[in-house]
Structures are given as structure tokens and as C-alpha cells.
Amino acid sequence: MWSALGAGSSVTVHLPPIPSPASWPLIVGAPPLLASSFQHRPALTAAIDEARAAGSSAVLAQVLSGGGGMGKSQLAAAYARDAVRTGTDLVLWAAAADMQQLIALYARAAALVQAPGRRGDDPVADAQAFLAWLTTTSRSWMIVLDDVTDPAALAPWWPAARPGTGWVLATSRLKDSRLTGQGRTRVDVDVYTPAEAGAYLEHRLSTDAFPQLLDGSQRDLAEELGYLPLALGHAAAYLINQQMPCAAYLALLRARERNLDDVMPQWADTENYGRQVTAALLLSRTAAQAASPRGLALPVLQLAALLDPAGQPAALWNSPPVLAHLTDWLSAAPQEQPLSVTGGEVRESLLILHRYGLLTYDSHASAQEVRIHALTARAVQETTPSERQASLAHTAADALLAIWPDHHGPHHRLAAALRANTHVLAHGTGQHLWDGKHHHVLLHSGASLMFSGHYHVALTYLQDLLAKAKDALGPEHIDVHETRACLAATLGHLGRHRDALPLKEQVLAYDLAVNGEDHPDTLSARATLAETLQQLARDDALPMKEQVLDDHRRVLGEDHPDTLHARNNLAASYGELGRYDDALPLLQQVLTDSMRTLGTDHVETHISRHNLAALHHTLGRNSEALPLVEQSVEGLARLLGASHPHTTSLRETLAAICRDLGQYDRALEIGKQVVADRISTLGSDHPDTPQALHHLADTYESLGNHDQALQLRENVLADCIRLHGKGDAKTHIARANLALTYSSLGRHSDALPLQEQALTDTIRNLGEDHPDSHRARHDLAMTYSDLGRDHDALPLQEQVLTHYIQTLGEGHADAIAARTWLAATYSNLGRHNDALSLEEQVLAHRVRTLGEDHPDSHRARHNLAVTYSRLGRDEEALPLREQLLAHRVRTLGADHPDTIDAGAWLAISYVNLGRYDDALPLQEQFAAARARTLGDDHPDTVQARDWNAATSALARHDNPRAGTG
């Protein structure tokens, strides 16, 4: 198994890397934090609980309906957190205003719960599989659909449940009849009652040790703010930070309200309660502005309002673009501000905004430290002068790019948060991002999706981005070219090489015309094109790869990272073509140079280490391969994520090595997870998924579970025919693997036509001397032997052994196995002397490499002893059979079928040597064992008694050479 990272540059969906199935309970999505002095509102919660108790057994759902700022999401968050606290198995929080995000979240949940029917390549299908799982699971669950804006679009995505298992809680500003029915009930969420509003202010101020601010005007203040929860939250923060009594704040609020039409006229108040929010917000904003260093609160708040309300990285606020923007903002003020803004001043401003309730600053929330209420963000945006909006959008885009981590680094949470922030920024200010080069953040987000392994999501995103870039910039713009290159790389990762080919040819043509033959971008474009040509089995792939490496060495030097990458890819190609003598020294040198120039923990170094391990595995050097691949798996899991496709490829190699080392349980565990990850991240139709199923079937066969292997093999062949056609190379491989399983099950007549076709197809596609052609010869020869057609098997086996000795060496595991099977065929044809020479070589090698007591060594002893007996050399067979019997009694027990067989063979040698007194006790012992294990009337038991009688007769007649075994 070979892999090398492909070269690449760089609706978005906020998806962190899909992890392996997690331990229960699961939390999917991010419920918001509860506000300070969260008001539980007993009357409202009683109404919700009553509606829940009366809900349908099939669909238990309540819809919290009310205007913006009513506290609907806070109520839902309180219920979600209570569900987590009480041990609900699955709690999912979804932003229901964006169907794409909702479907993506459902799809991620499907992967986490391992929902039957999930594919991985189709988020819609996976989301449907998750909904189906909800209706059958016995686990408890709660799903919150926050801010439903389009009931028609949501209609197919309402969850249903088994009685007593699940609950859906939705929030919406609508009172649409389509939100109810089918077991759903609406619970209207209005403003606080006067008592609740007053209680909120009293509790909040008392909790913060400012009860003196409660001067009796709090009820009037609550009425002035319309009892609106969000507006009351802003007011409470202002009161506390300004230490202002309620009456004084009420006077300010009324004064501000008279001027509110300047910033938000009545006709613009689409939320009905938005004016109260804006009035309170403006007061809090003014106070925060006055309290912050050099009045930085306002521009900081305006930037935060453009980004993801769910969370913005703290590093964003210390980035050079943000600091430069804030410095420029101060410079435009009437008073001169000669000093540049510092990160400390920005952080202090964030803390002041936090204290005034305008945003949340939580230093413990990694990558999402700064959060802002969506309604607050909207009010800030609506009060931001239009002439500042472009500058703010540009600053936000540049700041996101400035802190974006390396695509190969271990910063998965940060990259996911930056993609989410880019999505929100583009949605709200997308028209400004195409000014200048600020749209680069959009391409970077697409590249991040690709490098994170979210290939299907990246494909949709990049196709849409390419169309937009062509419209905005023109088809020949450099950024259109870079987007095309990233899209082509994504298609390659998805195994869609025929679709990628014309794009990669366009990319190379552009680079040649614009940059010239020796430009690094041209070299990279030719390298990625060569990789696609190889995937398409084109004859011109290998010469192009060799030329690519020569060009990299000449232009960039031997140790340049791109040169190392080219060397790595060429070595992998040599290995796939069976040119092991070319591949091995190149891979060893690449790994040495990668460790020296890139470091031991770089992604490219781990890929080089893996490729060397894969070659060692191919050459039968599994003890050398194991520590290399284990180190690479650990490194890539840390750098890219445990379920990243590159990490999964390495774990697939690890499973194969474990299987060949006899670590079958470990191989099975890894193999199952590899299949699950392939399906969840790449989909059932990706070429790597059938390959993972094939390797899992190999492990099942090693464990003797041929029926399970057969089911997998048949599924893989059906998928390959459907995806690639009957004549494709992948279909030939799947057909050959199915034939092997038929043979394992004794269905040799079913295996034969598949293997004859496989050999013909492989030779036609790959040539007479390709390693796969020799494997196909071996498989066909085995079936000929099983069908008694040893004369047909013999020339195939002799050809295979010659090839293995020439390419792999005398002592390679495949060469030893080929000797074993050729010896058996010689014996079947009566050529015992030819068989003897091979079997002596096999036993010597097994003992030398595996030890005296390894099962393969004992099997070799048995084969050699049989040949000795057939040649009349029982004196030499006898010690081998005595050793084999002792081993099987010790390891398997006296009644095991293999032990009984070993005893029978030893008895035959005793008979042939005339040692009847030694033979008779053995025969009596194992005849009794057959009777105990198989029954008195079983044919084997009857045969054992007959042999015993025959030996007794021979003993009486003293005929030492009766029988030959």
C-alpha cells in the first residue's frame, strides 16, 4: 500500500475533523453559555413541560416562538445543559436558519453514532441516515433546532423518535402554522412578565453586590425596555459598570430614545422589539467606549459584529491587521494619537465590552474565546456607518488570514473556527471581499477544507468559489487559476482523476505561459499532473515523474521540500511497479533527508517513513516495517487528526503488517475502524473504500471467518463493476480476491473462471512480468491444484517462484511460500525428489527465521516428513513427526484434530519401520480420541479402528514394510 501527499495550494460548512466514534454521552454542536443571572421563568418552563408531557409518542417536539431578544435560545440552552447534566446520551444543538449547516451537523452525528446507511460522500444521505437512526435507537437524545426561519425547508429534517427516547426543542421568531402539527406544539415566548423583569434586575444587581442601585425605579426601567430580556441584560451591565441607579439610567434611556430615529427609524424595526435593544445597546456602547483605552471599544465591537457569533479566536484581536486598523481609526479622530494600538489595549477593550454585556470574552474557550449575541451583532451592524463597512470587512479578512495555521499543523479547532468565521464574514459582507485581494481568505478556507480531509464539502465550496471568481475577476486572473488548481487537487483526493485531468492540464498550460518552464509553480503543476496520469495508468506517467524530479533537483536543489516530495512520489511509483531495487534506496535516502531538513515530526517526513514501511512490508520485512508505521500513524494522528484520510491510509498499512505478523485481533480492530473512517470521510464510492474492505476481508480470512470475508468480497466486486465497469483494473483485482475466498470455502469451480479471467486481464493491462500478474498466476495455479489439475498448475508455479527469487530474493516470505506450493505440486505429480529439495530449503529457512517452535516451522516439518516417507526414508521422517506430535499435544491438546492427524502420521512411520509395538498404542489412543470427539460411527473413527486392526495383523505376520503411508 503506497501513499504520498498530493500537491495543492488551497456554501462553506463549519466542520471540525470527524473523530472516531466517541464514548457516550455525546454533545454535537455548541449550546450557548447561559447569561448572567439567567431567569428561569417558572410560568414559561411550566408551559414547556406541560406541552412536552402531552406530546405525541412518535414526535415529541415543542417550538418556542417569539420575537428577537426574548430569551428563546437561552431557555433552550438551559434545557440542553440540563439534559447533559442528567446523562442524556446525545444532545445536539443546531443553527436551524442555515439548512446546509443543519444537514452537515446531522451528517457528522451520523458518523459519530455509526448510523446504518451513512455513506460519507453525501451529507444529505448521511443526514437522512441519522434521522432514521433516531427512530430506532433505544438511546436517549435531545435535539435543539435554534432559530427556525424557513419551515418549508426544514420540513424534511424534523426528527422523530421511538416512544420515550427523544425530544426536539425548536426556537423561531415565526408563528407559522407549518411549525405545528404532526405532534409539534408551539409555546409562545413573550417578554418577561413585569414580575420576572423586576426579579431579573434585582437578582442581577444583588448578585454583583450593587443592591444600592435598586432605588425603586427598576420596575419603571423594565417597562421602558419593554420587558425585553436582551435589552434588560444590556441595561443591567451598564448599571453595574457605571454604578448608576436605575432612575438615572432611565433618564438617560429616555433621552437616547428621543434621538433613536437618527440611527434606527420606526420603519426599520422589523423585530418589533429591536428599538429597545438598540436603545440599551447604544447606552452601553457609549459607556464602554468611554471606559476603554483610547476609546477602542466601538471599533472592536464593530469588527466582532461581522464575525461568527458562536466564537472568534482571541489571536485575531492581536493580529497585525487588527492593530493597524485600530491605529488608523484613532489617527482619523480629531485628536492626534501618535502611538500604535497594542494587543493589551485591545484585550482590555474586550474585557470592558464583556463587562457591559455587549459580548462574551471567555479565555478558556479555545479558538472561540470571543462571542456575541446574534441580535447584538445585528444591531451593531445596523448602526455602523456604511462608509466604514468595507474597511471593517477587509480588516476582518486580513486578520483571519494572518492567524491561519499551517494546513499540515495540529491546529484543528483553530482551523475549523476560522472557516466558520470566514463563512459568516462572506455571508454578511461578501461584496466587499472582492475588492483588492481580500477574497484570498475565501480560497484559503477552501484549501483548509481540503487539507482537513473534508473533500466532499471542499468540492462544493470550490466549485462555487471558482464560478464567483470568474465572474468577479475574469477567467484569466491568477486567483481564478489558483482556485482551479485547488479544485483539481480536491477531485484527485476524491479519486475522480478523469475529472481532475483537464483542470490540471489547464493549470500547467497557464503556468507555462505565464511563469515559464522552470518556475516553482510550473514544476508543482507538472508534478500533480504526473500523479494523475499514474492514477489513470497512463504509460507517460513514470517518464514524467522522473523528469519532474530531475527538474526539481536542477532548479530547487536536492533538499528543497518540493524536491523531497517529488523523490517520495517517484519512489512510491517504483514500488507500485515492482521495481524494488530502485524504490528502496531512494526511500531510505528521502527519509534521511526529510528528517534532516524538515524535522522528524513533519507531515512529509511521516509520509516518507510510511512509504518505507510499506516497502518493507511488501518485501516481507514486517519486523522492520512495524515500528516505522506505528511512529507515522501516531504523528499524523496528532498533526492531521485521527480520521484524516492520510492518517487512515497509514493505519490501513499498519493493519496489514499486524495481520502478516499474526496479530490478527489487532489487525481486525484497526481494519474495522479504517473501513468506518473511509465510509464516513470519503464515502462508499471512493476508490480507497473498496480497498479497505478488501484488506478487512483478508483479516477475516486469516481468522478463518470465510463467510464474512465472502460477503465483503462480493460487495466490493459489485461496487467496482458499478463504479468502474467490468474491464477496469480495480474490478480485475476485486474479481481475483473474490476467487480466493471461493477457494478458501472449497468452491474451486466458482473460483476458476474468475481467476482465469483475472490472469488474462492483468497481463493485458500490466504486462507479463508485473507483480500483480505473478500473483494472479499463483492464485490460478492453486485452484488448478485444488481441482486435481496439477499439470496445468506446474508451469505457473515454476514461473512464479523464478520471479520471486529474482525480484525479492531467495529468503523472501513470498519466495518461501512459492517453494512450498511448488513442492506440493511436484509430490502430487510423483516427482518426490524435486519436492524434497524444495522442502528441505523451506524447513531450514523457517527454523532460521521463525524459530524451532513456530507453527510454520512445524508445517514445514510435516511436509518434509511426508516426502521422506514417500521416498521410503522413514528413518529421516520419524524424528520430524515425533517433534511435530509433541508440539501439538503441548499446544493444542491430545483431542485436537491436528494432534490426532500428527499421531496418525507418526504411527505410519512406526509401521513402515516395523515398530509395531510403538505404532499400536498410538493408534489405539487416537482411535479412542476420534470416538470421543466424533462419535463411534463417524467415518474417521471407523477408519482409525481399521488401521489399528491392520497394524495388529502386520505385527502378527511380522511384515515390517507393509504400507507406505
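Which residues in α21 meet which residues in α22? View 1 answers this, after a short note on the model.

**The model.** This is a predicted model: local features need pLDDT of at least 70, side-chain atom pairs count only at pLDDT 80 or more, and totals for chains, interfaces and linings use all residues. Residues are numbered from 1 along each chain as its sequence is written, and side-chain values use heavy atoms, with hydrogens and water left out.

**View 1. Helix α21 packs with helix α22.** Helix α21 spans residues 520-535, and helix α22 spans residues 541-556. Helices are DSSP runs of H or I with at least four residues, numbered from the N terminus; strands are runs of E with at least two. The two pack at an angle of about 160°, with their axes 9 Å apart. That makes α21 roughly antiparallel to α22. The word is used for angles over 145 degrees; under 35 counts as roughly parallel, 65 to 115 as roughly perpendicular and the rest as oblique. Axes are lines fitted to C-alpha atoms, for helices over the stretch in contact, and angles run from 0 to 180 degrees between N-to-C directions. α21 passes α22 in a left-handed crossing. Left-handed means that the near helix is turned anticlockwise from the far one by less than a right angle; clockwise is right-handed. On the α21 side, the residues are P520, L523, R526, A527, L529, A530, E531, L533 and Q534. They meet A541, M544, K545, V548, D551, H552, V555 and L556 in α22. Contact means heavy atoms within 4.5 Å. By class, the contact of α21 with α22 has 11 nonpolar, two polar and four charged residues. Ala, Val, Leu, Ile, Met, Phe, Trp, Tyr, Cys and Pro count as nonpolar, Asp, Glu, Lys and Arg as charged, and the others, Gly among them, as polar.

**View 2. Helix α16 packs with helix α17.** Residues 412-433 form α16, and residues 440-451 form α17. Their angle is about 150°, and their axes lie 10 Å apart. α16 and α17 are therefore roughly antiparallel to each other. Their crossing is left-handed. α16 brings A415, R419, T422, A426 and L433 to the contact; α17 brings V441, L442, S445, S448 and L449. These residues divide into six nonpolar, three polar and one charged.

**View 3. α17 also packs with helix α18.** Helix α18 covers residues 455-473. Here the angle is about 155°, with the axes 8 Å apart. α17 and α18 are therefore roughly antiparallel to each other. This crossing is left-handed. L442, L443, S445, G446, L449 and M450 in α17 meet Y455, V457, A458, Y461, L462 and L465 in α18. The contact has 10 nonpolar, two polar and no charged residues.

**View 4. Six strands form an open sheet.** Their order is β1-β3-β4-β5-β2-β6, with parallel pairing. Two strands pair if DSSP finds at least two bridges between them. β1 (26-28) and β6 (184-188) stand at the edges, each with a single partner strand, so one side of each has no neighbour in the sheet. The twist averages 15° from one strand to the next. Six bridges join β3 (residues 90-95) to β4 (residues 141-148). Among them, L90 has W141 in β4 as its bridge partner. Helix α3 (residues 99-113) lies across β1, β3 and β4, at about 160° to β3.

**View 5. pLDDT stays under 50 over residues 1-21.** pLDDT is the predictor's confidence in each residue, from 0 to 100. The chain's mean is 82, and 90% of its residues reach 70 or more.
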